[in-house]
Amino acid sequence: MAVFEPLKAGIGNFSLRAGLVFCLWVLLQGSAFSQDIPVLERKISITAKQERLDLFLKRLSEVGGCVFSYSPSAIDVTRTITGNFANQPLREVLELVFEGKVEIKQKGVYVILTPKSTSSKDLLVSGYVIDKKTGKAIRDATVYDPITLKSSTTNEYGFFELSVKNPALDSLELVVTKQDYSETLVIKDKNNAFNKILLQAKEVDFSEIGETIAKPVKNFWAWTKNSVGFTNLENVRDTLHRGFQASLVPFVGTNRKISGSVSNDYSINLLGGFSGGTNRLELGGLFNLSSGNVQYVQAAGLFNQVSGNVRGAQLAGLANLTYSNVEGVQSAGLINFNLGQVRGAQLAGLINVAGKGINGGQASLLANYAGKNINGVQISPILNIGNNVRGVQLGLLNYADSIHGTPIGLISFVRKGYHQVEIGADEVLPLNLSLRTGTRSFYNMIFAGVRPENADTTVWAFGYGIGTSPRIGRKTFLNIEFSSSQLNNGNVMALNLINKAYVGIEHQFVKGFGFYLGPSINWRVYDSTYQDHPTLFTYTNPASLRENTFPEYNLASQLWVGARAGLRFF
């Protein structure tokens, strides 16, 4: 045993030296990373209470990793400082401490402080442009003087500087603008030319889209405007009332040429009619037109158009057009189009539109659109579009600005939802790239993978999956996913599907970056008559749990346990 003692000591010393080298490397990397951020942009957290300025600057230099250079005769260092600065750039801390009266310049690790010139010929305006909601710096925002049109753009830290020549007034106006943000007008005080400017992100105005779609149809019955009936409608502002009316076509009926100003309890239109509203029931062979409100039942062979509100059921063979609110049910063979809000249900053969949102449900065979808020469900085999959704979207393609609920479909995109890019490996392919979109409660995955080999063809795969990711810790999530991918050797020549069920853990180190790891169970189904399937495992060798053949279908299957691991971004 004594023979091995020197060897053990040598190994121990080597391990100690290796550990020290590794720790030194980590420290150097951290230092190098911090040096990438300019001194004036380093985030500082520091407090002071009735502290002399020179002592405060000394502490601040230690926290910020810099050296201050200034003349005590030019700057009053005996005055006291009181303040609480939390996670703010060093530049901003200095601007607040010196109240914008000191010029700040950086040269390496040195920060040079000199009193600002009192000359009124030039004014240097500076500051940060920040996202009001997230608190993050906004890059490439434009700050300009609307009079001289002189401008500046913010850098990656949201900072800008703009030199204004000969400012004539005690204050000046600056405009700050950035794509997808609301324009902001800033009144700058010449005596304090530094400021933090907050920009508000624009919301998608879905009602504007609805108004644009509606414009071609909003004057649908304007063909009558040169008639006496239309003139009467404009002149007779009071709504008259009748218990019953019947008509052949508009203005040819029991209410004559004043029908557009008459509200009826019951209305029967052989071909079509025009009324000032319906209180109980309106039936039209082809169409019904109403300049007022309709309640209970309106039914037509082709279409209904109502300028007021609808309460009850509106039924049409082709289309329902309503310019105000609907409370009840709209059902049409082709399209329901409503500029107002819907409280109830829209059912259409092709398209439903609720310009100001819906509280209820939309179901169609092509597309559903709802502006503003949705409380309920959208169901369509093809497309659902909503703004702020509280409920469920079920369709091939789903889009929402934000959602409190679940979008279920082949592709679901929520602008303020869940978006991740995944890079990882499994037991079959060493490199996989995946896009995950939707919400944490239900998301879609589109992915592809490759296995580089020294061969004429490349082994690769593409696939689709769904998953859910409930939170189980402050930064930890559980992943439950089901997917299917086609594994190929060059071109797609034969069935070779790998169906995967995965349960794993995702941990986020910081917002927008994390890792995942977990086991999977895999079931491969492939064409048993094709002889050139790629080799399944080349750098791993998992045990096969079961293999079956189905000669009558020319199929075979294989079952094994695998694993996945990798990184996720955003």
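Strands E4 and E5 (residues 110-115) pair in the antiparallel sense, over six bridges. Helices (H or I, at least four residues) and strands (E, at least two) are DSSP runs, numbered from the N terminus. Two strands pair if DSSP finds at least two bridges between them. The model is predicted, and local features need pLDDT of at least 70, side-chain atom pairs count only at pLDDT 80 or more, and totals for chains, interfaces and linings use all residues. Residues are numbered from 1 along each chain as its sequence is written, and side-chain values use heavy atoms, with hydrogens and water left out.

Lys105 stands opposite Ile112 in E5. E4 and E5 belong to an open sheet of three strands, in the order E2-E5-E4, with mixed pairing. Its edge strands are E2 (67-69) and E4 (102-107), and each pairs on one side only. Neighbouring strands of this sheet are turned by 25° against each other on average, direction ignored. Axes are lines fitted to C-alpha atoms, for helices over the stretch in contact, and angles run from 0 to 180 degrees between N-to-C directions. Helix H3 (residues 90-98) lies across E2, E4 and E5. H3 runs at about 155° to E4.

H3 also packs with H2, at an angle of about 175° and with the axes 13 Å apart. H2 contributes Leu53, Phe56, Leu57 and Leu60 to the contact, and H3 contributes Leu90, Val93, Leu94, Val97 and Phe98. Contact means heavy atoms within 4.5 Å. By class, the contact of H2 with H3 has nine nonpolar, no polar and no charged residues. Here Ala, Val, Leu, Ile, Met, Phe, Trp, Tyr, Cys and Pro count as nonpolar, Asp, Glu, Lys and Arg as charged, and the others, Gly among them, as polar.

The largest nonpolar core has 24 residues. Such a core is a set of buried Ala, Val, Leu, Ile, Met, Phe, Trp, Tyr and Cys residues joined through side-chain atoms within 4.5 Å. Buried means under 20% relative accessible area, exposed over 50%, and partly exposed in between (1.4 Å probe, protein chains only). Leu60, Leu94 and Leu113 touch the most other members. At least two residues each come from E1 (43-52), H2 (53-64), E3 (80-89), H3, E4 and E5. H3 gives the most, with five residues. Leu94 touches Leu40, Leu57, Leu60, Phe68, Ile104, Val111 and Leu113, not counting residues up to four places away in sequence. A second, separate core of 17 residues includes Leu172, Leu174, Ala193 and Leu199.

Strand E18 (residues 287-290) is covered on both faces. Phe287 and Leu289 are buried on one side, and Asn288 and Ser290 on the other. E18 runs parallel to E16 (residues 272-275), joined by four bridges, with Gly272 opposite Phe287. Four bridges also join E18 to E20 (residues 303-306), again parallel. There, Phe287 stands opposite Phe303.

Asp140 is partly exposed, at a relative accessible area of 47%. Phe251 counts as buried, at 12% relative accessibility.
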